[in-house]
Amino acid sequence: MYIGHFASAFAARAITDESPRLGTLFIAAQAIDWLFFSFAIVGIEKLRIVPGITRMNPLDLYQMPITHSLLGTIAIAIAFGGAVYYASRNVVASTWAAIVVASHWLLDLLVHRPDLTLAGAGPKLGLGLWNQPAIEMPLELGLVLLTFIWYVKRTKGPLVPPLVLLGTMLLFQAINWFGPQPEEAGIAMYLTALLSFGILTALAFWLDETRWHKNRVGLAVASARR
């Protein structure tokens, strides 16, 4: 699951204008992996390349007790929601931010081989759709496209920025699926993943500057766009 995680960000922004900005929600959607790859750089959490471990990628995510445990994800979601509340003083915004963070673990549960945990130790969980590309690929694309269309319908503004974001997401996903697989885990791989998250997040912030929720009318729109 890569761009599929951003489906929760589109959905949260579509539901209510009180949700955080789309860029903030993009950070929330991948907060778990932002932390995981950052931890991997310094050796707190670990992965290795094992060709054939799943049909869709060679990642053996053998040590990630903080970021990819359910307990750790909930703690990160609460912390992120708390940061949003501190910045906005808006309970609705902080709640949606936390929900989007928490959705990461549930979506990973669908695709990962059994390498997720409840609290950092066994049992290992994962439904393994990475071994079923005929199911996983349409599922991931479907989640993104449906929530993207919902977001566009619930907001107003020019269509070019959302299409640029969607096109970039699909390009990155195609590279992830069909590009050469990494031969070894290392800093270059981790930084590449973080860079891809950063590019998509920057585009999401830019997009949010060009669109506003249909619930905002009149002076509220003018105020929102200043």
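A crossing of two helices is left-handed if the near helix is turned anticlockwise from the far one by less than a right angle, and right-handed if clockwise. Keep that in mind for the first stop.

What you have open is a predicted model, in which local features need pLDDT of at least 70 and side-chain atom pairs count only at pLDDT 80 or more, while totals for chains, interfaces and linings use all residues. Residues are numbered from 1 along each chain as its sequence is written, and side-chain values use heavy atoms, with hydrogens and water left out.

**Stop one: α2 and α5**

Select residues 22-29, helix α2, and residues 91-111, helix α5. Helices here are DSSP runs (H or I, at least four residues), numbered from the N terminus. Viewed together, α2 passes α5 in a right-handed crossing. Their axes are 7 Å apart, at an angle of about 35 degrees; axes are lines fitted to C-alpha atoms over the stretch in contact, and angles run from 0 to 180 degrees between N-to-C directions. Now show the side chains of L25, A28 and A29 on α2, with W96, A97, V100, V101 and H104 on α5: these make the contact (heavy atoms within 4.5 Å).

**Stop two: P20**

Step back to P20, in the loop between α1 and α2. Is P20 buried or exposed? P20 is buried, with a relative accessible area of 8% (buried means under 20%, exposed over 50%, partly exposed in between, with a 1.4 Å probe and protein chains only). Leaving out residues up to four places away in sequence, P20 touches R13, L25, V84, A93, W96 and A97.

**Stop three: R89**

Next, select R89, in the loop between α4 (70-88) and α5. R89 is exposed, at 52% relative accessible area. Its phi is near 55 degrees, a positive value in a residue other than glycine.

**Stop four: α7**

Finish on residues 160-178, helix α7, whose end C-alpha atoms are 26 Å apart, in agreement with the 27 Å that 19 residues should span at 1.5 Å a residue (the expected span is 1.5 Å times one less than the number of residues). Colour the buried residues P161, P162, L165, L166, T168, M169, F172, Q173 and W177. They cover an arc of only 165 degrees around the axis, so they sit on the same side of α7 (the arc is that of the directions from the helix axis to the C-beta atoms). Their cover includes α1 (7-15), α2, α6 (133-154) and α8 (187-210).

Terms used. Helices (H or I, at least four residues) and strands (E, at least two) are DSSP runs, numbered from the N terminus.
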